[in-house]
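Please keep the sequence and the structure in view while reading.

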Number of protein chains: 2
Amino acid sequence: MNKDGSEPMRSDLDKRTVTLIDSIAKQIRSNIESGKPPTIKLPVRSLANVTYDEAKGYLEIGTAHKVRTLTVNTARSFAQTLRLMATSRAMVESNDFATKREAYYISKNWGDCRFDEQAESDAIMDDIEALASMHGLSREQLRFYPESHGGSIAGRLIVIDQQPATGESIEIDCANLGSGAYSIPHSVEHLSFRTDARFVLAIETGGMFQRLNNHRFWETANCIIVEMGGVPTRATRRFIRLLSDKRDLPVYCFVDCDPYGFANIYRTLKVGSGNAAHINRFFCVPRARFLGVTPQDIIDFGLEDATHPLAKSDVKRAQDALRNDPFIKAHPEWIAAIKQLLQMEVRAEQQALAKWGLNYVIDEYLPRKLADTNSFLP
Amino acid sequence: MNKDGSEPMRSDLDKRTVTLIDSIAKQIRSNIESGKPPTIKLPVRSLANVTYDEAKGYLEIGTAHKVRTLTVNTARSFAQTLRLMATSRAMVESNDFATKREAYYISKNWGDCRFDEQAESDAIMDDIEALASMHGLSREQLRFYPESHGGSIAGRLIVIDQQPATGESIEIDCANLGSGAYSIPHSVEHLSFRTDARFVLAIETGGMFQRLNNHRFWETANCIIVEMGGVPTRATRRFIRLLSDKRDLPVYCFVDCDPYGFANIYRTLKVGSGNAAHINRFFCVPRARFLGVTPQDIIDFGLEDATHPLAKSDVKRAQDALRNDPFIKAHPEWIAAIKQLLQMEVRAEQQALAKWGLNYVIDEYLPRKLADTNSFLP
């Protein structure tokens with residue numbers, strides 16, 4: 001603890017966060033002192049300001065900006081922006097955090113500039129987040145944490161965390177949690193990792209994760225398994241990204257063979273999402289590759305009679321992806337795979353492999369796929 | 001491993017499961033050998049066959065039965081019932097499991113008695129589960145695991161699990177997972193516990209769980225915290241129930257002050273749900289009590305200006321609970337609380353306490369409430 005009773009700031013990132021907030025505050029003050037109306041320059045967060053650069057590997061926010069100037073009409077939102085930034089600064093100093101929902105409630109004591117609805121506080125937080133992202137800082141570094149975490153981890157990984165009170169290091173051995181798993185916290189920036197695993201396997205469903213965990217697939221395959229539970233949350237994506245970056249590990253994605261699995265779950269993990277382009281640089285996993293289930297797997301592994309017809313919504317999602325998704329459009333392999341699925345008119349779940357026996361996935365499917373990682377979809 | 005290569009059966013419960021399945025099979029065989037049409041007697045699973053007994057503390061299935069007799073019309077569902085029971089027996093012997101979804105896919109190799117849709121396999125599994133429940137066995141003991149687990153645990157608890165391969169005991173210290181947590185597995189029957197905690201605190205939202213975990217509330221309050229994430233899953237409810245029974249611990253529930261929090265989250269945790277009455281005896285937590293947030297808390301803790309108006313759906317849910325919910329109707333305290341909420345015409349979330357500062361919940365609200373557990377709603 002510091003002499004004034006506050007917790008010490010823990011990292012360079014914390015210092016950069018405070019420096020950024022201070023510099024904005026100083027600039028506003030100097031505006032006022034020189035008789036100019038105070039302004040804040042914020043990135044435009046609309047889809048029109050989003051691009052996909054294959055070399056960078058994620059959907060990225062462009063250079064368009066909007067300027068919020070203090071006027072009679074903007075007095076309230078201007079004050080709210082500054083108070084949220086001040087809240088963020090205070091949380092960095094006290095080593096605390098708030099969910100978006102809590103941030104909304106904190107404002108209930110702000111008198112006339114209180115938020116009436118969470119949509120208001122969310123919009124202003126998104127602005128601040130977009131601004132911070134231009135300086136390499138994510139919302140978590142501003143100490144606004146997501147409501148949801150959700151991902152679980154098992155396998156050959158030691159997570160290194162810190163005791164919040166003492167800063168003392170804690171090691172969590174994800175190979176020693178029995179049939180349970182390690183539940184990813186809401187913020188993961190402070191974690192580090194030790195592992196001898198060869199890759200990370202990101203799994204769509206809890207049922208498949210439990211199967212691979214109970215049979216200790218990660219031991220024989222020498223890997224780390226992650227339960228995404230559908231489209232991975234921010235915390236899960238960031239965890240996989242940090243793990244992949246820090247330990248130089250490839251990430252293989254194992255999801256259902258349907259347009260939702262391709263264009264929502266996998267695409268979001270790999271390159272992020274279009275309506276949150278200002279944060280993708282932190283949350284995407286450019287090294288992710290698609291293990292399966294692919295349309296070709298349905299043929300190669302004899303799953304035809306364990307498929308389901310494509311629903312109208314599946315067809316629509318697939319056509320949308322072919323027409324509008326910059327990531328899909330940049331990869332001929334994905335275009336071909338989605339066209340193949342549309343032509344087959346069926347989808348297959350990862351559990352469909354159980355048709356050949358509950359542990360066919362462990363004994364046959366995954367070993368055959370992992371023997372040829374070069375064939376994975378990009 | 002046994003001499004024949006199979007895994008050993010692990011528990012008395014496993015033996016009872018096999019005995020039950022064998023006895024049903026023998027009875028069918030003896031029907032056939034004596035020239036009678038084979039029959040299976042199954043409990044009726046409709047709401048009309050559900051009662052609430054306050055002394056027992058859960059919504060319970062009644063004594064009504066239906067008899068499934070093998071005829072030309074029932075040949076397919078009769079065969080499916082037997083094959084699912086045979087699958088269950090094989091999984092007990094090989095110490096494996098299947099999700100409901102996997103059980104459906106397994107049938108794809110059953111020829112003419114394959115399931116066309118999962119709704120078919122689910123209905124038959126529910127029948128078998130209801131039958132097993134009359135013998136004190138849950139679906140997990142039949143080795144059909146739920147798709148979802150979801151709950152996380154932190155605090156003064158050591159979970160004792162077993163290495164699936166060796167049976168060797170593993171201890172997971174839930175006080176030593178840093179900012180992360182222990183993710184509850186899909187089946188928890190084999191777990192045991194060591195703890196010196198005074199109580200279990202079951203929390204609705206992930207955000208509040210993370211706050212209490214990061215600030216190690218469980219250390220100062222000497223408790224175990226559970227993240228339910230809305231209505232708790234089967235695995236989460238069963239985990240809390242086993243922990244409460246085996247370690248003789250009271251369970252306090254901390255959820256939003258709204259009809260969904262009372263009549264869905266809390267009611268399901270405590271007494272189970274009406275449409276799954278055959279399983280409530282395993283999954284309900286009769287010792288649970290409602291810490292808050294109560295309608296009176298809105299007044300006592302000055303949260304009036306951090307509330308939201310009741311939506312139409314809230315009012316409807318509250319009125320339904322007063323009229324139709326056997327648990328609510330049995331408790332005058334709950335009737336009064338729900339009427340008070342309807343009269344106040346507002347709801348409040350647990351995060352609303354952030355109005356008084358992010359850690360007001362830790363420094364003020366929870367200590368004041370926990371000083372008077374006798375006042376908790378039943």
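This is a predicted model: local features need pLDDT of at least 70, side-chain atom pairs count only at pLDDT 80 or more; totals for chains, interfaces and linings use all residues.

## The three-stranded sheet of chain A

Strands of a sheet pair through backbone hydrogen bonds, and the pairing is either parallel or antiparallel. In chain A, three strands form an open sheet in the order β9-β8-β11, and the pairing is antiparallel. The edge strands of this sheet are β9 (169-173) and β11 (192-194) of chain A, each of which pairs on one side only. On average, neighbouring strands of the sheet are turned by 30° against each other, direction ignored.

Strand β8 (residues 158-162) of chain A is connected to β9(A) by five bridges, in the antiparallel sense. One of the residues involved is Ile158(A), whose bridge partner in β9(A) is Asp173(A). Helix α7 (residues 234-247) of chain A packs on the sheet, where it touches β8 and β11 of chain A, and the helix direction makes about 55° with that of β11(A).

## A hairpin in chain A

Strand β2 (residues 50-53) and strand β3 (residues 58-61) of chain A pair over four bridges in the antiparallel sense. Tyr52(A) stands opposite Leu59(A) in β3(A). The strands β2(A) and β3(A) form a hairpin with four residues between them. In the turn, Gly57(A) has a positive phi of about 90°.

Two packed helices are described by the angle between their axes and the distance between the axes. Helix α8 (residues 259-271) and helix α13 (residues 332-344) of chain A pack at an angle of about 145°, with axes 10 Å apart. Which residues make the contact? From α8(A) come Pro259(A), Phe262(A) and Tyr266(A), and from α13(A) come Trp334(A), Ile338(A) and Leu341(A). By class, the contact of α8(A) with α13(A) comprises six nonpolar residues, no polar residues and no charged residues.

Over all chains, the structure holds 56 salt bridges. Among them is the one between Arg267(A) and Asp325(A), whose closest N and O atoms are 2.6 Å apart. This pair links distant parts of the chain, 58 residues apart: Arg267(A) is in helix α8 of chain A, whereas Asp325(A) is in the loop between α11 (312-324) and α12 (326-329) of chain A.

## The contact between the chains

How many residues does each chain give to the contact? Chain B gives 53 residues and chain A gives 53 residues. The area buried between chain B and chain A is about 4,700 Å², and carbon and sulfur atoms give 50% of this area.

The interface holds eight salt bridges and 32 residue pairs in polar contact. On the side of chain B that touches chain A, the elements that give two or more residues are β5 (98-99), α3 (100-106), β9 (169-173), β10 (181-183) and α5 (206-214) of chain B. This side of chain B has 20 nonpolar, 20 polar and 13 charged residues. One salt bridge is formed by the side chains of Glu102(A) and Arg211(B), at 2.9 Å from N to O.

## Backbone geometry

Most residues other than glycine have a negative phi, and most peptide bonds are trans. Arg143(A) is not a glycine, yet has a positive phi of about 75°. Arg143(A) lies in the loop between α4 (118-133) and β6 (144-145) of chain A.

The peptide bond that joins Gly292(A) and Val293(A) is cis, with omega about 5°. Val293(A) lies in the loop between β15 (288-292) and α10 (295-300) of chain A. In chain B, the peptide bond from Gly292(B) to Val293(B) is cis, with omega near 10°.

Key: Residues are numbered from 1 along each chain as its sequence is written. Chains are lettered from A and ligands numbered from 1 in the order in which they are written. Side-chain values use heavy atoms; hydrogens and water are left out. Contact means heavy atoms within 4.5 Å. Buried area is the accessible area (1.4 Å probe) that two parts lose on being put together, summed over both. A salt bridge is a side-chain nitrogen of Lys or Arg within 4 Å of a carboxyl oxygen of Asp or Glu. A polar contact is a pair of N or O atoms within 3.5 Å; within protein, one must be able to donate a hydrogen and the other to accept it, and residues adjacent in sequence count only if both atoms are side-chain atoms. Ala, Val, Leu, Ile, Met, Phe, Trp, Tyr, Cys and Pro count as nonpolar, Asp, Glu, Lys and Arg as charged, and the others, Gly among them, as polar. Two strands pair if DSSP finds at least two bridges between them. Axes are lines fitted to C-alpha atoms, for helices over the stretch in contact, and angles run from 0 to 180 degrees between N-to-C directions.
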